[in-house]
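Let's take a friendly walk through this protein together. Have a look at the sequence and the 3D view, then read on.

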Amino acid sequence: MRIAEIDGPRLHYRIDGNPDGAPVVFANSLGTDLRLWDQVMPLLPQEYCYIRYDKRGHGLSDCPEGPYSMGALVSDVEKLLDFLGVKDCVFVGLSIGGMIAQGLAAKRMDLVRAMVLSNTGAKIGTREMWADRIAAVDAGGIEALADPILERWFSKSFRDTPAFWAWHNMLIRQTKTGYMGCCSAIAGTDFITPTSGLRLPALGIAGSEDGSTPPDLVRETIDLIPGSDFKLIRGAGHLPCVEKPEEYAQILTDFLKAQGHG
């Protein structure tokens with residue numbers, strides 16, 4: 001286990017692959033930790049340096065009092081990459097991780113040379129929707145909303161498997177403070193204008209059964225960036241890297257190779 005002592009919350013991170021290889025950074029979704037990518041990692045080319053981390057309030061990272069801003073989440077990973085000496089990475093962000101990717105690319109082009117926006121949007125939901133969710137979690141904990149959240153995360157067929165319960169337990173064991181804090185960050189974010197100004201290689205990935213960030217939202221977001229590409233993974237929900245790891249890994253591998261990364 002590695003902890004980055006940065007100016008801000010201490011962040012838990014992990015490095016896989018070749019530590020001297022070209023960097024690929026992963027940012028995971030609301031309510032998950034860096035284990036989100038476990039099934040994809042062994043399927044990717046091992047010449048790259050894969051960096052995963054737990055955002056504030058999640059996993060083994062510090063959990064400061066909320067609410068959080070998207071600027072703070074972007075600043076956290078910016079400081080982590082500076083701490084690790086990373087430049088010119090390919091940044092893979094899923095859900096809130098994809099919002100962090102957009103914010104980081106707009107702020108620090110020296111850090112991001114290409115990005116993958118997976119199951120995300122430049123704007124997700126409404127302030128009122130997120131306010132309702134925060135209030136419900138505050139009153140009853142994450143477990144009170146676990147069933148509808150997980151229905152959006154996963155296809156019906158996956159929810160009928162034993163593996164589903166690991167993700168159920170990961171969700172409900174995140175801190176209430178961290179979850180609500182990140183909900184606040186999403187609620188206050190509209191990246192339509194800054195993302196439309198980005199000029200870098202970009203790929204959007206959507207799951208056909210995603211109830212949180214439907215394919216049309218992902219496509220609308222990635223289309224803001226000229227020359228971008230879009231891939232749809234059929235039969236998967238909000239976390240296609242969990243339901244369809246082989247297909248997800250192949251899409252990522254093809255994108256990395258197309259960029260001549262490394």
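## A helix and its length

Helix α2 covers residues 96–107, so its 12 residues, at 1.5 Å a residue, should span 16 Å. The expected span is 1.5 Å times one less than the number of residues. The C-alpha atoms at its ends lie 17 Å apart, which agrees. Helices here are DSSP runs of H or I, at least four residues long, numbered from the N terminus.

This is a predicted model, in which local features need pLDDT of at least 70, side-chain atom pairs count only at pLDDT 80 or more, and totals for chains, interfaces and linings use all residues. Residues are numbered from 1 along each chain as its sequence is written, and side-chain values use heavy atoms, leaving out hydrogens and water.

## Covered up

How many residues of α2 are buried? The count is 10 of 12, including Ile100, Ala101 and Leu104. Buried means under 20% relative accessible area, with a 1.4 Å probe and protein chains only.

## The nonpolar core

The largest nonpolar core holds 90 residues, and Phe91, Met115 and Tyr248 have the most contacts inside it. Helix α7 (residues 176–187) gives the most to this core, with seven residues. Such a core is a set of buried Ala, Val, Leu, Ile, Met, Phe, Trp, Tyr and Cys residues joined through side-chain atoms within 4.5 Å.

Among the residues that Phe91 touches are Gly97, Ile100, Ala101, Leu104 and Met115, not counting residues up to four places away in sequence. Contact means heavy atoms within 4.5 Å.

Methods. Helix = DSSP H or I, 4+ residues; strand = E, 2+ residues; numbered from the N terminus. Buried < 20%, exposed > 50% of the residue type's maximum accessible area, 1.4 Å probe, protein only.
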